[in-house]
Amino acid sequence: MNAERDLSPLTPGVVRALTDKLYEKRKVAALEIEKLVREFVAQNNTSQIKHVIQILSQEFALSQHPHSRKGGLIGLAACSIALGKDSGLYLKELIEPVLTCFNDADSRLRYYACEALYNIVKVARGSVLPHFNVLFDGLSKLAADPDPNVKSGSELLDRLLKDIVTESNQFDLVGFIPLLRERIYSNNQYARQFIISWILVLESVPDINLLDYLPEILDGLFQILGDNSKEIRKMCEVALGEFLKEIKKNPSSVKFAEMANILVIHCQAADDLIQLTAMCWMREFIQLAGRVMLPYSSGILTAVLPCLSYDDRKKSILEVANVCNQSLMKLVIPEDDEMDEAKPSVTIPAEPTSEESISKPEAQQGKAGSCWGSCRGRVGVPLFPCSCERIQVTLNLDGIVQVLDYHLSDTAIGMMTRIAVLKWLYHLYIKTPRKMFRHTDSLFPILLRTLSDESDEVILKDLELLAEIASSPAGQTEEAHGPSDGSDVRPGPVELHVPARAGQLSTKGLECSPSTPTMNSYFYKFMINLLKRFSSERKLLETRGAFIIRQLCLLLNAENIFHSMADILLREEDLKFASTMVHTLNTILLTSSELFQLRNQLKDLKTPESRNLFCCLYRSWCHNPVTTVSLCFLTQNYKHAYDLIQKFGDLEVTVDFLTEVDKLVQLIECPIFTYLRLQLLDVKNNPYLIKALYGLLMLLPQSSAFQLLSHRLQCVPNPELMQTTTAASNIDYTELLQHFEKVQNKHLEARHQRAGRAEQLDRRVVL
């Protein structure tokens, strides 16, 4: 027969037995083939050996008949056994047809293929390593096989292959990584388990440095960490934990920059385990790599900031995110303010604790790179791949500020996140003021809006930041915009003082606003916009106005605050608001412990500065008659207070007016005016004080305040000794009285106009 001649040197009996449906007959034929091949090996007849393998492959293993395929598989295994150590010369011919049968529709045939390959690999041992990729590829498919017998057979083969790789020092890791990177994105649970098991094996081999290729597979590992199977998640946790231990041991050889973006993406994962693990890695990266992570700050902040507002349900993530945030903040140093983005950046080692420079990082590859867009889409901030020979560290302030601005503007963001954002901005203004002032005009509106926040802690941090902006010498540059929004009309030169700060540069010689010669141009702009905000949001003024102003007096110079606000209110067109604001400022001045020094400065008016301040305050205080009198009491201008009260007879006395007089009487009984009450004992030298108090008494109706003041005046000794003597003064009180009358006439006209408009409106409603 032609078939018999074509299949020689196999005998017809062997051929029939190989195609038999019974396994035992195929096994007998395999033993015959093994015997035949051994003879060829003894004769060194390589051509016949190749011919036998070719026949078994082409005519049997790749046959259309299932029994023939089974016979071909057992025959190829028999050839490998007969070849022994020489099987390595024929491995390609032996392995390829067996791997083809891995895809067979018949599960029994897949099992026999697995069995045949096991025998081939067992004989060849280390010689199969050049063919490792095709073996791994085939095994990764069998790992997900639905048939339990096939899966069991593949596990035996898998263990054998792992033993060979473990004991060998010739494993081609470079050639294997592309296949591993491809297979790691499988969604099948069994395939994922197979992949993780191999990663754990390779990681355990001392001669195999898988850490060098971690950027290639890290993204896939984090995706496997989100698998539904607890067992697979646990295996992946172990693998990632081993890698992290290795990173801590050998930080100088780690490609931190190439993995930064991968961590940024997974730090934003919806899965808690993925997010926590990625955040832990990020914490270690920031602490180990130091400033190498700085170019990725915008992405890191995008991931970390929202986590700072997590509740106790995600306490672990919150704690790690907080450490990441603090560690990243420490990487920003004053030298960053001296680096110009337009110039070549400073090159530093990847490991800050070592003098060794980081090796040349490879560009981001694989799936992680395709995920950048999802991270960018959150706030429109690009992430920065590393592709330079040595890591060039430049603080990308534009990206960082954009992220911070986004999170501060988001009304849905948590309180702790907003506080963290404000702390970051404050830190940047301290460390890199020159660069940060380029962003001040864009940040200023959102910082002013933040003053309306519900949280006192947020407002405190916001005020600290605004105070730093208003007082920083770096803000007084030629580029800085001067006061705007109505500040073009400014009073004459008034000396304001910058509070002393440790290590702060001298402000002498800096170009300043005419209204605030020793403050930067943002101070006056801040005061203008703060008063505008109070005017447009009366609720803010009522609920937080005093709190905000008191805190500013602590953070800045109280005299500067009151001086500038008095300046601005002097030109306020909304007279009702001006009166309300003056009343608020006056209450703060008289009652707040933060204003103790300023009150002492105003008590005596012994210096030109104190007299100048009094005159400035007085002109604005005239918007509210009663507060003007209280300012005179504070400054011990008792005769002028008496003269003012005499003018009250010409004013429209309203319920609000009498209420304010009532409050002033209550204030006189407070500790702040202890000195005033003691001066009542010196009738001879303080006659106008007594007259002024009697004037207030005559203004009051028969009320509790009237009784209180009346009882106080009854304690004044020997009132018959009162004399009216006029002491010399350095202040022109006649001019001040004229100014008071002028302002009050404006208020009277404004009230009449409002009343007229209200009457017209009522008529329209009736009609």
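Rings of Phe, Tyr and Trp (its six-membered ring) pair if their centres lie within 6.5 Å; planes under 30 degrees apart count as stacked, over 60 as edge-to-face and the rest as tilted. By that rule, a search of the whole structure finds 24 aromatic pairs. Welcome to a predicted model, in which local features need pLDDT of at least 70 and side-chain atom pairs count only at pLDDT 80 or more, while totals for chains, interfaces and linings use all residues. Residues are numbered from 1 along each chain as its sequence is written, and side-chain values use heavy atoms, with hydrogens and water left out.

**The chain as a whole**

- The secondary structure comes to 37 helices and zero strands; helices (H or I, at least four residues) and strands (E, at least two) are DSSP runs, numbered from the N terminus.
- Of the 767 residues, 53% count as buried, where buried means under 20% relative accessible area, exposed over 50% and partly exposed in between (1.4 Å probe, protein chains only).
- Among contacts (heavy atoms within 4.5 Å) between residues at least 6 apart in sequence, 74% join residues at least 24 apart.

- The mean pLDDT, the predictor's confidence in each residue from 0 to 100, is 84 for the chain, and 84% of the residues reach 70 or more.
- Among the elements of the chain, helix H15 has the highest mean pLDDT (97), and helix H19 (residues 372-379) the lowest (35).
- Two stretches to read with this in mind are residues 341-391, where pLDDT stays under 50, and residues 478-517, where pLDDT also stays under 50.

**The nonpolar core**

- A nonpolar core is a set of buried Ala, Val, Leu, Ile, Met, Phe, Trp, Tyr and Cys residues joined through side-chain atoms within 4.5 Å.
- The largest one here has 249 residues, and Leu10, Trp281, Phe562 and Phe633 have the most contacts inside it.
- Helix H15 (residues 272-289) gives the most to this core, with 11 residues.
- Leucine 10 touches several residues beyond four places away in sequence, including Val15, Leu18, Ile33 and Phe60.

**Helix H17**

- Helix H17 (residues 315-330) has 16 residues and reaches 23 Å from its first C-alpha to its last, close to the 22 Å expected at 1.5 Å a residue; the expected span is 1.5 Å times one less than the number of residues.
- Among the buried residues of H17 are Ile317, Val320, Cys324 and Leu328.
- The cover over the buried residues of H17 includes H15, helix H16 (297-304) and helix H21 (415-431).

**Aromatic pairs**

- The rings of tyrosine 23 and tyrosine 112 are stacked, because their centres are 6.1 Å apart and their planes lie at 5°.
- Tyrosine 23 is in helix H3 (residues 23-43) and tyrosine 112 in helix H7 (residues 107-124), so this pair ties together parts 89 residues apart in sequence.
- Tyrosine 23 is partly exposed at 30% relative accessibility, whereas tyrosine 112 is buried at 12%.
- Phenylalanine 136 and phenylalanine 194 form a tilted pair, 5.0 Å centre to centre with 35° between the planes.

**Isoleucine 568**

- Isoleucine 568 lies in helix H27 (residues 558-569) and is buried, with a relative accessible area of 15%.
- Beyond its neighbours within four places in sequence, isoleucine 568 is in contact with Tyr524, Met527, Ile528 and Leu531.
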